[in-house]
Amino acid sequence: MYVIAVYDVEEKRVAKMLKLFRQYLNWIQNSVFEGELTEAQLLKLENSIKKIIDSETDSVIIFKFRDQKWADKKIIGKEKNSTSNFL
């Protein structure tokens, strides 16, 4: 499945989240990642996220698509870190 994930965490946890997400997805912009994951990989990522965040103050949003072709991506301005090209 194709996944877009964004996070908003306290500054002291940003480095841990960045390191975790880079293990699974491609970084595209500050606190935003995308890529293909299996259900098992997504579950493992979610479990790791829960170990890092403070659920009272931090937030992680994961958008799931069956396939990348169901998502339209439009970039206005400079693309910060491109690993996929689809529109």
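Visitor: How many helices and strands are there in the protein?

Guide: There are 2 helices and 4 strands, in the order β-α-β-β-α-β along the sequence. Helices are DSSP runs of H or I with at least four residues, strands runs of E with at least two, and both are numbered from the N terminus. This is a predicted model, in which local features need pLDDT of at least 70 and side-chain atom pairs count only at pLDDT 80 or more, while totals for chains, interfaces and linings use all residues. Residues are numbered from 1 along each chain as its sequence is written, and side-chain values use heavy atoms, without hydrogens and water.

Visitor: How do you know that the length of helix 2 agrees with its number of residues?

Guide: The expected span is 1.5 Å times one less than the number of residues. For the 14 residues of helix 2 (residues 39-52) this gives 20 Å, and the end C-alpha atoms are 20 Å apart, so the two agree.

Visitor: Which residues of helix 2 are buried, and what puts them on the same side?

Guide: L42, L45 and I49 are buried. They cover an arc of only 60 degrees around the axis, and therefore lie on the same side of helix 2; the arc is taken from the directions from the helix axis to the C-beta atoms. A40, K44, K50 and K51, on the other side, are exposed. Buried means under 20% relative accessible area, exposed over 50%, and partly exposed in between (1.4 Å probe, protein chains only).

Visitor: Why is A71 called buried?

Guide: A71 has 7% relative accessibility, so it counts as buried. It lies in the segment after strand 4.

Visitor: How many aromatic pairs are there, and why is the pair of Y2 and F65 called tilted?

Guide: Rings of Phe, Tyr and Trp (its six-membered ring) pair if their centres lie within 6.5 Å; planes under 30 degrees apart are stacked, over 60 edge-to-face, and the rest tilted. The count by this rule is 4 aromatic pairs. The centres of Y2 and F65 are 5.9 Å apart and the planes stand at 45 degrees, so this pair is tilted. Y2 is in strand 1 (residues 2-8) and F65 in strand 4, so the pair ties together parts 63 residues apart in sequence. At a relative accessible area of 2%, Y2 is buried, whereas F65, at 24%, is partly exposed.

Visitor: What makes Y7 and F33 a stacked pair?

Guide: Their planes are 20 degrees apart, with 6.1 Å from centre to centre. Y7 belongs to strand 1 and F33 to strand 3 (residues 32-36), 26 residues apart.
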